[in-house]
Amino acid sequence: MTVVAALAKPTYASEYRILVTAVPGSSSYTTGGFAVTVPLRKVEFALVGSAGGYVAAINGISGNTVTIQVFQSNSVVGTLVEVAAGTNLSSVTFPLVVVGY
């Protein structure tokens, strides 16, 4: 077995928690991503899945808040570009997995 990542023991809890959820996109997307606050004290690791033709990525973690950045295909060049500011993504639900305490 290969160890991909090792997490230090949490400071405030005796064990880690894994939260598996789905979060709706922002109704008015902000450049750099939209923030999602989860019911944990601190997030150590997060994964977000793509949905609705959009590709999502974790852009940052601060405390119990995860920032999700969203991209879409640029059909002219075939590369991914960030969704334009102000785009309504509220009808798209992104799967989110968070590890924290």
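Let's start with one residue. Ile18 is exposed, with a relative accessible area of 64%. Keep in mind that this is a predicted model.

Where does Ile18 sit? Its place is in strand 1, which covers residues 17-24.

Together with Val20, Phe45, Leu47 and Val97, Ile18 makes a nonpolar surface patch. Which strands each supply at least two of its residues? Strand 1 does, and so does strand 3, residues 43-48.

Three strands form an open sheet, in the order 1-7-3, and the pairing is antiparallel. Strand 1 and strand 3 are the edge strands, each pairing on one side only. On average, neighbouring strands in this sheet are turned by 25° against each other, direction ignored.

Look at one of those pairings. Strand 3 runs antiparallel to strand 7, residues 93-100, and five bridges join the two. Take Val48 as an example. Its bridge partner in strand 7 is Leu96.

Next, a contrast with our opening residue. Is Ser26 buried or exposed? Ser26 has a relative accessible area of 17%. Buried means under 20%, so Ser26 counts as buried. Ile18, at 64%, is exposed.

Ser26 lies in the loop between strand 1 and strand 2, the latter being residues 34-37. What does Ser26 touch, leaving aside its neighbours within four places in sequence? Ser26 is in contact with Phe34, Thr87, Asn88, Leu89 and Ser90.

Note on methods. Residues are numbered from 1 along each chain as its sequence is written. This is a predicted model: local features need pLDDT of at least 70, side-chain atom pairs count only at pLDDT 80 or more; totals for chains, interfaces and linings use all residues. Side-chain values use heavy atoms; hydrogens and water are left out. Patches are made of residues with over 30% relative accessible area and no salt bridge: like charges are joined within 9 Å, nonpolar side chains (Val, Leu, Ile, Met, Phe, Trp, Tyr) within 5 Å. Accessible areas come from the Shrake-Rupley method with a 1.4 Å probe; for residues, only the protein chains shown count as cover. A salt bridge is a side-chain nitrogen of Lys or Arg within 4 Å of a carboxyl oxygen of Asp or Glu. Helices (H or I, at least four residues) and strands (E, at least two) are DSSP runs, numbered from the N terminus. Buried means under 20% relative accessible area, exposed over 50%, partly exposed in between (1.4 Å probe, protein chains only). Contact means heavy atoms within 4.5 Å. Two strands pair if DSSP finds at least two bridges between them. Axes are lines fitted to C-alpha atoms, for helices over the stretch in contact, and angles run from 0 to 180 degrees between N-to-C directions.
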